[in-house]
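Okay, thanks for coming, everyone.

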Amino acid sequence: MRFDLDYFLSLLFSTRFFEPVAIVIIVAATAMVIGVLIGTVGGIVLNSPVPLLQRLVKLYVTTIRGVPVLVQIVFWYNGLPALTGGAINLSAYAAGIIALGVNEGAYMTEIVRSGIQSVDRGQREASQVLSLSYRSMMMKVILPQAIRIAIPPTGNQVVNLLKNTSLLFTIAIPEIFATGTNLFSANFKYFEVIAVVAIWYLLLAIAYGFIQRAVERRFAKGRRDLYDLAAA
């Protein structure tokens, strides 16, 4: 087997993957927003004094985390229309975003739950002494601190989500991996194409790493300012 360096370099520095990369970023960003919203609500519910809602959220988290993402994608795109007799027939993009967002929501629920539980218990007791309502306590005291704790694991989830977008090739979304499969199916240059595909995913992960570190520095600065104010 001979590695075609000229083809590899021409493909790597071509604009062939620009649109697929944009699709991956848009799909991942939209799905992450859905996941964060679901996870925030789910995490709050799991720390709430409502047992029925807690059981429903636990069932959701257990089910989603136990089912492969690929199965969830096929369900939203192929299974749901069959289940509803065609009444609900999502486009490939809608099905892919919802599948990834709902899947991400289960993991974010656990991240938010653990973030809330990591906040010092004295904060809750102080809120109760001040007669804050449960909603005020969560919004003004607990969640702002829980967000700082949840940022690092959320970054890991974003990287996983970027990689999971490659599964959308099964429902014909022209993301990075789907574009690669179309290319090597036509020219049989498997290694060269896969190498370029891998490099694009790696570049996305590295680029997001810079964003993640900037966000962590910003929130760490807020914490240092708070400590400085307390020490003054």
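Let's start with Arg 121, which sits in helix H6, residues 121-129. Keep in mind as we go that what you're looking at is a predicted model. Is Arg 121 buried or exposed? Arg 121 counts as exposed, with a relative accessibility of 61%. Arg 121 and Gly 86 are 35 residues apart along the chain, and their C-alpha atoms are separated by 50 Å.

Now hold that picture and jump over to Tyr 201, in helix H9. Tyr 201 comes out at 15% relative accessibility, so this one counts as buried.

The largest one has 38 residues, and the members that touch the most others are Phe 17, Leu 100 and Ile 176. Which elements give two or more residues to this core? They are H1, H2, helix H4 (69-83), H5, H7, H8 and H9. The largest share comes from H9, with 8 residues.

Skipping residues up to four places away in sequence, Leu 100 touches Val 27, Ala 31, Val 69, Ile 73, Leu 161, Asn 164, Thr 165 and Leu 168.

The largest pocket has a volume of about 340 Å³. It's lined by 15 residues, and the ones nearest its centre are Val 36, Ile 147, Ala 150, Ile 151 and Thr 154. If you're looking for the elements that give two or more residues to that lining, go to helix H2 (18-46), H5, helix H7 (134-164) and H9. H7 gives the most, with 7 residues. What kind of lining is it? It divides into 11 nonpolar and 4 polar residues, with no charged ones.

How many does a search of the whole structure find? It finds 2. One pairs Lys 189 with Asp 4, and the closest N and O atoms are 3.0 Å apart. Lys 189 is in the loop between helix H8 (176-187) and helix H9 (190-231), while Asp 4 is in the segment before helix H1 (5-12), so this pair ties together parts that are 185 residues apart in sequence. Lys 189 is partly exposed, at 25% relative accessible area, whereas Asp 4 counts as buried, at 15%.

The other salt bridge joins Arg 113 and Glu 110, again at 3.0 Å from N to O. Here both residues lie in helix H5, residues 92-118, and they're 3 residues apart, about one turn of the helix. Arg 113 is partly exposed at 22% relative accessibility, and Glu 110 is partly exposed at 21%.

That's my tour, so over to you for questions.

Definitions and conventions:
Residues are numbered from 1 along each chain as its sequence is written. This is a predicted model: local features need pLDDT of at least 70, side-chain atom pairs count only at pLDDT 80 or more; totals for chains, interfaces and linings use all residues. Side-chain values use heavy atoms; hydrogens and water are left out. A salt bridge is a side-chain nitrogen of Lys or Arg within 4 Å of a carboxyl oxygen of Asp or Glu. Helices (H or I, at least four residues) and strands (E, at least two) are DSSP runs, numbered from the N terminus. Buried means under 20% relative accessible area, exposed over 50%, partly exposed in between (1.4 Å probe, protein chains only). On a 1 Å grid over the protein atoms alone, a cavity is a set of points where a 1.4 Å probe fits but cannot get out, and a pocket is an open set with protein on both sides within 12 Å along at least five of seven lines; lining residues have an atom within 4 Å of a point. Grid points are joined across faces, edges and corners, and a volume is the space filled by probe spheres set on the points. Ala, Val, Leu, Ile, Met, Phe, Trp, Tyr, Cys and Pro count as nonpolar, Asp, Glu, Lys and Arg as charged, and the others, Gly among them, as polar. A nonpolar core is a set of buried Ala, Val, Leu, Ile, Met, Phe, Trp, Tyr and Cys residues joined through side-chain atoms within 4.5 Å. Contact means heavy atoms within 4.5 Å.
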